[in-house]
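Reader: I am new to this structure. Could you show it to me and explain the terms as we go?
Author: Gladly; here it is.
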Amino acid sequence: PDPAPPRAIRELPDELISQIAAGEVVERPASVVRELVDNALDAGARNVLVKLMAGGVRSIVVEDDGCGIPVAQLPLALKRHATSKIASLNELESVATMGFRGEALAAIASVSEMAIASRTADAAHAHRLDARSGELGAAARSRGTSVEVRELFFATPARRKFLKTDATELAHCVEAVRRHALARPDVGFAIWHEGKLVDQWRPAAIEQRIGDVLGEDFIAESRAFEHSAGPLALTGRAGLPEAARSRADQQYVWVNGRYVRDKLISHAIRSAYEDVLHGQRQPSYVLFIEIAPELVDVNVHPTKIEVRFRDGRAIHQSVRRAFIDALAQSRADAAGVESA
Ligand code: ADP
Ligand code: MG
C-alpha cells in the first residue's frame, strides 16, 4: 500500500525541546546532583551542601557560598542555551569551567519543580525564583546560591518508573559527590539524606581527602605517582596488585578536574597491570590528568563524561608509563623493606 500522506513539519515548543534535552542530561537524581555541584564549583564555592529526600527523587537541594547570580539575571539562568561561561567559539575551545552549554538548569526545570534562590556580595538580600510560576520574591540567605529540585520526573511517569529504589538512587547521588570531592580537596562538601548527615569532607590536602573519601586502606594499598610529559601532567595513586578487587568500583579518572570515563585511558592503565593482575581482578586507582584545554575536546556528549584527545597515543603512552613506574617503585620499596 502507499505510505500515509506526510504529516506537517512543526517547530517544537521550547518546553518540549527542553524536555527532550533533559533525556540526555538528566537520567536520575545523581545527574541533577552532578550538574548542580558543577555549577557551585564554577561559581567559586568553598563549601557545598547537598540535601536529599527519598534518594533525591522527592527533593534535591544544593547550596553553595559562591558568587551568586544577580537578581536581574535569575530568569536567564533558567533559559536554554544561556550561560555566563563562554561567549565565543574561541572560549569554547579553551573552556576551563565544568559547564558551558547553558542547558542543565533549563533541562532540570523542565522535568521537576525547581526554584533557585541566590544572593550576590553587593545585594541587600537574596531573591528566589520559582521556575514553573515565574514568581520572583525576596528570600533570606547569605551570599551564594541554593537550587531546589522537587518531584523529579513528576510529569513524565514513564521515566520515573525507570528509577531504582531510594537506597540505590541515594548511592548514586553520594557517588556523584565523591567524584567532585576527590577532584576538589580545597572545597568542603556535606551530604544529608532525610535530615541525617551521610558524609562530610572538610577542605584538606589531596592525600588526606583521598583517604577521607576512599578510606585509609586505599592509601596504604596504593602508591602515589607524578609524571609529566610536554603539555601533560599526571598525578594520582596506583592501587597495588595485591589489593585488586573483584569489581571495578574504585577506578577514578579526571581530565582538568572533570570526572570522565574513557576507554583509551582505562586500556592504558589495564595494560600497565597486565603482568601483575590475573583474570578479572580489577585495580583501584585515582588519576588526575591536567592538559592544555585546547588539546582536549570536552564537547562530545551532553553530560561531558566523554572527552576526545587531540593526541590519544601520547596520552595512552604517558598514562601507561606513569602506572608502570608506580608499580615498579612499589615493588622496589617492598624489596628494600624485606632485605633491610
Ligand atoms: P552552564 O553551567 O553550562 O552555564 P547551567 O544551566 O548549568 O549552564 O547554568 C546557567 C547559568 O546560571 C550559569 O552559566 C551561571 O551563570 C548561572 N548559575 C547556575 N548555577 C549557579 C550557581 N550555583 N552559582 C552562580 N551561578 C550559577
Ligand atoms: Mg552547569
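Author: Start with E151, in the loop between β6 (144–150) and α6 (157–160). Bear in mind that this is a predicted model.

Reader: Why does E151 count as partly exposed?
Author: Count its C-beta neighbours. E151 has 15 of them inside 10 Å. A buried residue needs 20 or more, and an exposed one has 12 or fewer. The value 15 falls in between, so E151 is partly exposed.

Reader: Where is H81, and is H81 buried or exposed?
Author: H81 sits in the loop between α3 (74–77) and α4 (89–93). Within 10 Å there are 10 other C-beta atoms. The limit for exposed is 12 or fewer, so H81 is exposed.

Reader: What makes strand β4 largely enclosed?
Author: β4 covers residues 126–130, and four of these five residues are buried.

Reader: What joins β4 to β5 (residues 136–139)?
Author: Four bridges, again in the antiparallel sense. L129 has L136 in β5 as its bridge partner. The hairpin of β4 and β5 has five residues between the strands, and G134 there takes a positive phi near 75°.

Reader: Which strands make up the open sheet of five?
Author: The order is β9-β10-β13-β11-β12, with mixed pairing.

Reader: Why are β9 (222–229) and β12 (258–259) said to stand at the edges?
Author: Each has a single partner strand, so one side of each is left without a neighbour in the sheet. For β9, eight antiparallel bridges link it to β10 (residues 232–239). F225 has G236 in β10 as its bridge partner.

Reader: What packs on this sheet?
Author: Helix α11 (residues 312–339) does, touching β9, β10 and β13 (285–291). The direction of α11 makes about 140° with that of β9.

Reader: Which residues of helix α8 (residues 206–214) are buried?
Author: R209, I210 and V213 are. They cover an arc of only 100° around the axis, which puts them on the same side of α8. An α-helix has 3.6 residues a turn, so residues three or four places apart point the same way.

Reader: What do the buried residues of α8 pack against?
Author: Their partners are α7 (166–183), β8 (196–201), α9 (216–220), β10 and β13. Just after α8, G215 takes a positive phi of about 100°.

Reader: Which residues come nearest to ligand 1?
Author: N39, A43, T83, S84 and G99, of the 22 residues around the ligand. By class, the shell has nine nonpolar, eight polar and five charged residues.

Technical notes
Residues numbered from 1 in each chain as written. Chains lettered and ligands numbered in written order. Predicted model: local features only at pLDDT ≥ 70, side-chain atom pairs only at ≥ 80, totals over all residues. Near = placed C-beta within 6 Å. Nonpolar A, V, L, I, M, F, W, Y, C, P; charged D, E, K, R; others polar. Helix = DSSP H or I, 4+ residues; strand = E, 2+ residues; numbered from the N terminus. Pairing = 2+ DSSP bridges. Contact = placed C-beta atoms within 7 Å. Axes fitted to C-alpha atoms, helices over the stretch in contact; angles between N-to-C directions. Arc of directions from axis to C-beta.
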